[in-house]
Amino acid sequence: MTSISEDSDKEKVRSVSVDLNNDASLVIDIPDALCERDKVKFTIHIKTTLSSFQKSEFSVPRQHEDFIWLHDTIVETEEYAGLIIPPAPPKPDFEGPREKMHKLGEGESSMTKEEYAKMKQELEAEYLAVFKKTVQVHEVFLQRLSSHPMFRKDRNFQIFLEYDQDLTVRRKNAKEMFGGFFKNMVKSADEVLISGVKEVDEFFEQEKIFLLDYSSKIKDATAKAEKMTRSHKNVADDYNHISGAMNSIAADNNTAFKKHLEKCAEVFEKLRKLEDRVASDQELKLTELLRYYTRDIQAAKDLLYRRARALADYENSNKTLDKARLKGKDIAQAEENQKQCLRKFDKLSESGKKELTSFKARRVVAFRKNLIEMTELEIKHAKNSMSLLQGSIEILNSN
Amino acid sequence: MSGGCGRNPPPFPDNEDQEAELDTRVLDSDEDDDDEGEDIFTGARSKPITPTSAPDEGDIFSEEGSYIRSDVHHATNGLHSDEELDLFTEATVELTLTNTTSQGRREIIGPTASACNTTHVPNSILKPSIVTKTMEELEEEESGDQFELNIAVTNPEKIGDGMNAYMSYKVSTQTTLPMFLNKTFSVRRRFSDFLGLYEKISAKHSLLGCIIPPPPQKSVVGMTKVKVGKEDSSSAEFVEKRRAALERYLQRVVAHPSLLQDPDVREFLERDELPRAVNTQALSGPGLLKMINRASDAVNKMTIKMNESDNWFESKLQEVENEEQLLRRLHAAVDSLVNHRKELCINTAVFSKSVAMLGSVEENSALSRALSQLAEVEDKMEQLHQQQAFSDFFILAELLADYVRLLGAVRCCFEQRMKVWQRLQEAQSTLQKKREAEAKLLWANKPEKLQQAKDDINEWESKVSQYERDFERVTCTVRKEVLRFEKEKARDFKQHIVKYLESLLHTQHRLVKCWEAFLPEAKAIA
């Protein structure tokens with residue numbers, strides 16, 4: 001029913017992460033999305049110079065569930081245990097605007113034509129905002145994969161991009177989903193493991209402390225930012241009601257009073273639009289940034305967890321080897337096991353260090369970009385408000 | 001009637017820069033006139049909210065227009081030198097005392113004006129206790145000079161303890177009007193005094209068809225908190241709200257030409273000790289009686305149906321009733337805005353702390369610095385939102401609340417006229433009955449009772465003609481009052497709307513400054 005199309009400042013507006021489309025050999029973006037009932041269909045647009053792809057430029061439609069499938073297959077790939085897996089995009093949530101649209105439809109008869117049109121317009125803006133958010137987050141997910149030297153070569157990723165039919169058949173069936181759920185449960189129990197395991201490496205010790213602390217703080221900041229944004233939206237809503245009420249009064253009147261009220265109603269109407277923009281820009285730049293990095297921090301923590309697991313395995317294998325040596329049985333097997341565990345652990349440590357270091361840099365750059373953009377937008381909106389108000393004050397005073 | 005067509009409707013006063021010195025603690029003395037602005041919503045004495053760069057800001061943000069409490073520093077300058085005067089910088093009420101019968105400035109309001117000019121000289125209507133004006137006063141009235149009368153209500157102080165405690169307010173007047181004993185004077189009054197004044201004015205003037213400004217509403221809950229000594233932000237808010245409302249009330253009273261002449265008003269402003277008005281308590285005997293009377297009035301209103309010679313009154317009343325409803329709706333919307341903005345304020349403060357925490361954990365030093373700067377910006381935002389909520393409330397919400405009640409007063413005015421008409425009708429029907437009685441007596445040939453009957457008829461004939469004149473007068477007054485009211489309403493609204501938009505402008509300007517200061521910090525992240 002609703003769709004968004006490409007416009008020039010989408011690039012600027014969208015990525016919470018940066019420098020993801022720098023490499024021209026594989027460029028991905030989502031120019032369009034369609035909302036049908038429960039499902040959102042994203043149109044993925046790919047431009048590539050890589051020979052591993054059949055075409056150099058093509059588009060393919062994908063659903064949210066396809067993204068989740070891709071994410072889960074990557075998570076379950078042993079090879080990638082030492083990498084930070086880009087967090088899965090959250091499910092598109094149109095529940096809010098959809099409910100309101102429903103209520104609006106029911107109450108249509110009880111309001112004036114103008115009010116109805118205005119509210120409809122508002123709701124469409126809300127839909128659009130949710131759209132922007134969800135497209136952004138899905139796009140970033142793919143861009144993280146495409147810009148990573150290892151992920152971009154992933155076979156499933158290629159299938160995701162190229163397979164020209166519905167991916168449903170390849171997606172997780174119910175049993176596997178249950179398995180995933182169970183794994184998550186075990187994982188959270190193992191978070192205790194991360195804090196418990198004795199750390200040998202100074203770097204990882206620091207990282208552990210930092211990530212654990214940062215994770216709770218950023219979650220908190222996200223929640224508070226959400227509340228703040230909601231309040232902004234409420235204020236914008238109130239401006240709308242005030243404008244409507246003023247217009248009602250002005251309609252009945254015939255004097256200077258009418259003119260003043262009409263002008264004021266107009267101002268409130270315009271202020272509402274501006275306040276709405278402030279709220280949604282704040283959400284897109286600040287709240288979304290915090291939300292995204294909350295998830296990304298979690299992905300980093302997952303990496304630490306996997307490494308801690310590997311360390312625990314290695315320590316266990318040492319114990320097993322010692323026992324085997326004592327008993328004189330299965331020594332070779334135990335030695336082999338131990339070597340493997342050590343190899344795995346070392347590999348995880350090495351790639352983990354690289355990943356975490358680039359994660360830091362990425363985070364700093366993303367915060368910088370978004371904070372700058374948010375500030376510039378706030379200034380722009382405030383200046384617009386100012387000129388609107390100044391103009392209106394002049395007009396009112398001259399009457 | 002000195003409420004003339006020839007009057008220049010006074011503009012409604014600005015009073016936003018009052019130094020509302022809130023002493024939420026029980027004071028030992030009221031000499032403690034602190035220059036510092038008290039933060040309404042937290043009740044805490046805080047430093048002036050404006051960063052010191054405020055005075056450098058452009059002329060659009062001059063004191064005239066803004067309601068922002070942060071401009072307290074301006075008042076500080078004046079306060080040291082001449083306290084009394086400074087209270088009045090924004091409390092000007094311009095009055096003209098042009099008599100209807102004067103040849104001075106007279107605005108022709110409409111075709112009805114000429115009809116009104118043929119009414120009697122005012123003095124017969126006014127209570128006989130009005131002091132005869134001096135020759136000087138009359139002359140000045142004739143020439144239509146403008147006098148100044150500024151009223152301010154300040155310094156709320158809690159007197160006493162426990163449930164018998166009350167708030168006492170300082171009512172200061174500054175005037176050049178000769179009818180007052182001094183040029184500058186002040187008295188202390190309590191809330192029931194204001195209500196008492198209203199009762200007195202109402203009793204005298206409402207029967208004449210004047211629109212009597214309604215006093216601020218009683219609030220058992222609000223006052224109880226104050227009495228009990230709860231020194232939190234909500235009781236500070238309540239006291240400030242009431243103080244401002246009392247001030248507006250008085251300013252409206254003196255803006256009304258005939259009310260200003262009323263000796264009760266003068267006494268209220270001038271006299272040191274006022275006898276306690278006891279009939280104003282909500283739950284007293286007289287209070288209940290009033291409620292009953294009001295109820296029966298309401299019933300009467302429904303049953304009276306007047307034959308209007310011209311449609312003006314009927315359609316005007318309808319207009320007033322509609323507008324009252326619509327204003328209520330608008331007021332509710334503004335109220336919601338005030339609440340949401342306060343919420344925004346709280347949420348912003350909470351967010352600010354959260355960002356500060358995040359910044360303290362952040363390992364990259366530039367980003368960490370930027371995050372703590374962001375926390376500071378959000379903190380400043382919180383203050384801006386708070387100030388804006390204050391403006392939302394005191395400039396817009398209270399204006400609307402006042403006008404909802406004023407429109408109620410206008411309706412009362414119409415009702416009074418209907419009562420007068422009813423009285424006329426009753427007199428006419430009584431006269432009719434007397435005449436019939438006389439006719440019967442003539443028929444029955446009872447000469448001794450005839451004289452009585454004739455006397456009766458004469459009595460009622462003169463009553464009828466008196467009531468007819470009364471009705472004419474009330475009709476004329478109501479019309480004039482309504483027109484004056486509408487003019488003032490338009491002016492009032494325009495003034496407040498402009499002031500409110502200026503407050504928004506001020507907030508946005510400060511917003512821009514905050515973000516512009518932050519931008520280099522964000523760019524410095526590396």
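**Exercise 1. Find how many salt bridges there are between chain A and chain B, and look at examples.**

Solution. Step 1: the count between the two chains is four salt bridges, where a salt bridge is a side-chain nitrogen of Lys or Arg within 4 Å of a carboxyl oxygen of Asp or Glu. Keep in mind that this is a predicted model, in which local features need pLDDT of at least 70 and side-chain atom pairs count only at pLDDT 80 or more, while totals for chains, interfaces and linings use all residues. Residues are numbered from 1 along each chain as its sequence is written, chains are lettered from A and ligands numbered from 1 in the order in which they are written, and side-chain values use heavy atoms, with hydrogens and water left out.

Step 1: one of the bridges pairs Lys383(A) with Glu516(B), with 3.1 Å between the closest N and O atoms.

Step 2: another links Arg363(A) and Glu362(B), whose closest N and O atoms are 2.7 Å apart. Arg363(A) lies in helix 9 of chain A and Glu362(B) in the loop between helix 11 (312–361) and helix 12 (365–444) of chain B, so this pair joins two chains. Here helices (H or I, at least four residues) and strands (E, at least two) are DSSP runs, numbered from the N terminus.

Step 3: check the surroundings. Arg363(A) has a relative accessible area of 1% and is buried; Glu362(B), at 5%, counts as buried too. Buried means under 20% relative accessible area, exposed over 50%, and partly exposed in between (1.4 Å probe, protein chains only).

**Exercise 2. Describe how much chain A and chain B bury between them and how many residues are in contact.**

Solution. Step 1: 61 residues of chain A are in contact (heavy atoms within 4.5 Å) with 55 residues of chain B.

Step 1: together the chains bury about 5,300 Å², and 74% of that is on carbon and sulfur atoms. Buried area is the accessible area (1.4 Å probe) that two parts lose on being put together, summed over both.

**Exercise 3. Compare two salt bridges inside chain A: Lys258(A) with Glu262(A), and Lys285(A) with Glu373(A).**

Solution. Step 1: in the pair Lys258(A) and Glu262(A), the closest N and O atoms are 3.9 Å apart. Both residues sit in helix 8 of chain A, four residues apart, about one turn of the helix.

Step 1: Lys258(A) counts as partly exposed at 22% relative accessibility, and Glu262(A) is partly exposed at 34%.

Step 2: for Lys285(A) and Glu373(A), the closest N and O atoms are 2.4 Å apart. Lys285(A) lies in helix 8 of chain A and Glu373(A) in helix 9 of chain A, so the pair ties together parts that are 88 residues apart in sequence. Both Lys285(A) and Glu373(A) are buried.

**Exercise 4. Is helix 7 of chain B largely enclosed or left open by the rest of the structure?**

Solution. Step 1: helix 7 of chain B covers residues 233–255, which is 23 residues. From first to last C-alpha it reaches 33 Å, close to the 33 Å expected at 1.5 Å a residue; the expected span is 1.5 Å times one less than the number of residues.

Step 1: 19 of the 23 residues of helix 7 of chain B are buried, so this helix is largely enclosed by the rest of the structure.
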